[in-house]
Amino acid sequence: MNTTLAAFLYTQGLIEDNESFFVNARSLEVQVDECLAYLYDKLNTEITEDSTEEEIQFWFYEAGKIHFTDNLRLWFKIIYSIILKEPSGARLGFLTKTLGVDHILNLIYNVRDGRILPVWGWAA
């Protein structure tokens, strides 16, 4: 995961400025990376052209439920920001069907590879 994510999370107020900043930043950074890796794998292996919006939506929710059990809302802000550059939007199953699974996989890959930041201009 790209270390600029930690700095970004701080500027968005998602981690506090205290002595545990680096521990909290690293923890959230790892959490995001693991969730994105899980989602990438599931979208890549479980979703086909014939998959319904509900089937696709299930994997977004499942990824968050596994990796963001204490703050599912944050997971959805992050994933919407990756896809739309906004903290919310239409259902993710619909967006994925509309934009294409390959496009969503490419966005996730680029975030995990550090090529783009996952969120732009919103605060928690």
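**A friendly note on the aromatic pairs and a helix crossing**

1. Searching the whole structure turns up three aromatic pairs (rings of Phe, Tyr and Trp, its six-membered ring, with centres within 6.5 Å; planes under 30 degrees apart are stacked, over 60 edge-to-face, the rest tilted). Please keep in mind that this is a predicted model, where local features need pLDDT of at least 70, side-chain atom pairs count only at pLDDT 80 or more, and totals for chains, interfaces and linings use all residues. Residues are numbered from 1 along each chain as its sequence is written, and side-chain values use heavy atoms, leaving out hydrogens and water.

2. Start with Tyr38 and Trp59, a tilted pair at 6.4 Å centre to centre with 55° between the planes. Tyr38 sits in helix H2 (residues 21-46) and Trp59 in helix H3, 21 residues apart, so this pair links distant parts of the chain.

3. Phe58 and Trp59 are edge-to-face, because their planes stand at 75°, with ring centres 4.8 Å apart. Trp59 is buried at 15% relative accessible area, while Phe58 is partly exposed at 41% (buried is under 20%, exposed over 50%, partly exposed in between, with a 1.4 Å probe and protein chains only). Tyr38, Phe58 and Trp59 form one aromatic cluster.

4. Helix H3 (residues 53-67) also packs with helix H5 (residues 92-99), at about 115° and with axes 7 Å apart. Here, axes are lines fitted to C-alpha atoms over the stretch in contact, and angles run from 0 to 180 degrees between N-to-C directions. Contact (heavy atoms within 4.5 Å) involves Glu53, Ile56, Gln57 and Phe60 of H3, and Leu92, Gly93, Phe94, Thr96 and Lys97 of H5.

Conventions: Helix = DSSP H or I, 4+ residues; strand = E, 2+ residues; numbered from the N terminus.
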